[in-house]
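Okay everyone, thanks for coming. Let me put the structure up, and then I'll walk you through a few spots.

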Amino acid sequence: MELIIGTGTVVEASRDTMPATGTPGWATDGDPASSIPATDFPASHYNMTVAEMVQVILDAGLTLDRTNWGQLSAAIQKMIASPYGGTIFTPVQQGGGPNQTTDKVNLGQDSTYEGLLRLSIDGVDHGTLLSGTYLATITGTTGDLPGMGLWFQAASQRPAFTYQDATRLPKIIDLAINTDVQTLQSNQSSFQTAQTNTNATLSADISQCVSGVYGVSTASGDRQGKGLYQAGGSARPTFVYNNGTTDVYSALAYYADVTALSATLSTDINNCVSGAAASGDAQGLKLYQSVGSGRPHFFYTGGDEYLATYTDVTTVQANLTSFQTSQANQNSTFATEIASKVGTNGTNDGTNSPITYLGHNNASGAPFVISSLVGSYRIIPSRPGSGYNAISNMSTDSVGNIILSDSSGDDNSYAPVLTGIIADSPYFGWWKKTKLPDGTYLLEQWFALSGITGDYAVVFPIPFASPPVVTFGVSDDTGSSNQHKNIFADYETGTLTGTGMTLDVYYYDSTNGACTVSGDFTIHVHATGVVSN
């Protein structure tokens, strides 16, 4: 399908469109005998017809192809099949397939039970079909999943039900048959009989037991009792419970134990001091000598304390006397060290201010001081010999020049100098750069050129901001005839720039008494000029 390709076509914006007024009608070839003219087909009607067909092709996502005359049909088939996920729509046929009759099949929702499908063939009702989603969500239960199928498994000889889980993976559930249910019922009856006998035995045993949970308050930290028995080792009744980690065995006292303890306590009390407290004091509870600390250990209501002995007091006194002697010696040492230190002003008297710190910087190697007036600054050591001036201050200006002030009052400026090697064949030499007061640099380049013959274009290894001053040196060539040759070198007039020049090299041949621009020489160049960085 394609638009018109021929003489007299126009762009879309200039095409003829259908008139806004007029009575729509049908076309006729006309009848000259009856004076009925043939219908005049205007370009606007043609444009409308073609646009309708083109739009179908474009809506289907196809591109107009002038060589393909079946695009309209393909577009219609694609648009019909698109909602069904296919490329060409094929409707379901009513019967007539392999092993099928040609009866008419009707499939619809059951009129009584919503969600069930009902089948009829040639008007005969054949009941409902198994629905994998019937009542799956009607009951309001969340998490229901649709069933996929129900069949009989040959391997297990049981029916099986299949469904898809939430990840769309198939799951199979074996269903029980009547034999399974009968076997389970028989096992349950046997278990119930055995459990009845066990219950009767347990009931008889429990009637002779005390409860381990009666009155237990777990909120208060009570623990359930596990047992009560007479211990053979201690010959006392023993109570057992679990503290949450392990079993705890607690021996219980006989009445005779209590009366014996009462008699012992009565005797012990007669030998005790009173722990009765005055108003506001804590009640004393007990006092005994601790084996571990070797000191009296006093307990009272709310806590306990170890009491000091006379030995503790004498030990502290000895330590104090020793410390006082040591401190006196240390104070004497401090006084000696302070006397050797440099003194400083106590306050700012207008001429001098106090130094709060004097130190040595390990990184720079210079001493420095800290003053509350000017902060931290370095001290420049200066120890001139006879006839020399001492340096009183050293600083740098805005372009990095070093300014040295001496004791005579003179200021001397020293410009930073950088040097480097030139090693880029055929240029070999070195360079020096000195910073000027205006921030620019004076650059000097020394380099040698080997194998120079005749006129030679020289490019400065480091370009200058403007034409430099250039001087030359040459090496003498004795020549093959052992005759001395005077060699001359200069640059051609007008060729010198900040980036290079043209060398003019020649020599005087004493054999023929003429100057010759040829040969193989080594030229030494010295160029001096200004660079910006």
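So, to start: does Gln157 count as buried, partly exposed or exposed? Gln157 has 46% relative accessibility, so it counts as partly exposed. The cut-offs are these: buried is under 20% relative accessible area, exposed is over 50%, and partly exposed is in between, using a 1.4 Å probe and protein chains only.

Before I go on, a word on what's on the screen. This is a predicted model, where local features need pLDDT of at least 70 and side-chain atom pairs count only at pLDDT 80 or more, while totals for chains, interfaces and linings use all residues. Residues are numbered from 1 along each chain as its sequence is written, and side-chain values use heavy atoms, with hydrogens and water left out.

Back to Gln157. You'll find Gln157 in the loop between strand E4 (147-153) and strand E5 (158-164). Helices (H or I, at least four residues) and strands (E, at least two) are DSSP runs, numbered from the N terminus. Leaving aside residues up to four places away in sequence, Gln157 touches Phe152 and Ile177, where contact means heavy atoms within 4.5 Å. The Gln157 side chain also reaches the backbone oxygen of Ala154, at 2.8 Å; a polar contact here is a pair of N or O atoms within 3.5 Å, and within protein one must be able to donate a hydrogen and the other to accept it, with residues adjacent in sequence counting only if both atoms are side-chain atoms. And Asp174, 17 residues apart from Gln157 along the chain, has its C-alpha 9.7 Å from that of Gln157.

Next, helix H2, residues 71-81. Its buried residues are Gln71, Ala75 and Ala81. Looking down the axis of H2, these fall within an arc of 135°, so they line one face of the helix; the arc is taken from the directions from the helix axis to the C-beta atoms. What do they pack against? That would be helix H1 (43-59).

On to the strands. Two strands pair if DSSP finds at least two bridges between them. Strand E7 (residues 225-230) and strand E8 (residues 237-242) run antiparallel, joined by five bridges, and Gly225 stands opposite Tyr241 in E8. The E7 and E8 hairpin has six residues between the strands, and Ala235 takes a positive phi near 60° there.

Then we have an open sheet of three strands, antiparallel, in the order E10-E11-E12. Strand E10 (284-289) and strand E12 (303-306) are at the edges with a single partner strand each, so one side of each has no neighbour in the sheet. From one strand to the next, the twist averages 15°; axes are lines fitted to C-alpha atoms, for helices over the stretch in contact, and angles run from 0 to 180 degrees between N-to-C directions. Strand E11 (residues 296-300) pairs with E12 over four bridges, and Phe299 has Asp304 as its bridge partner in E12.

Further along, E13-E14-E15 is the order of another open antiparallel sheet of three strands. Its edge strands are E13 (355-360) and E15 (375-378), and the twist averages 20° from one strand to the next.

Last stop, the largest nonpolar core. By that I mean a set of buried Ala, Val, Leu, Ile, Met, Phe, Trp, Tyr and Cys residues joined through side-chain atoms within 4.5 Å. Of its 23 residues, Phe447, Phe460 and Met501 touch the most other members.
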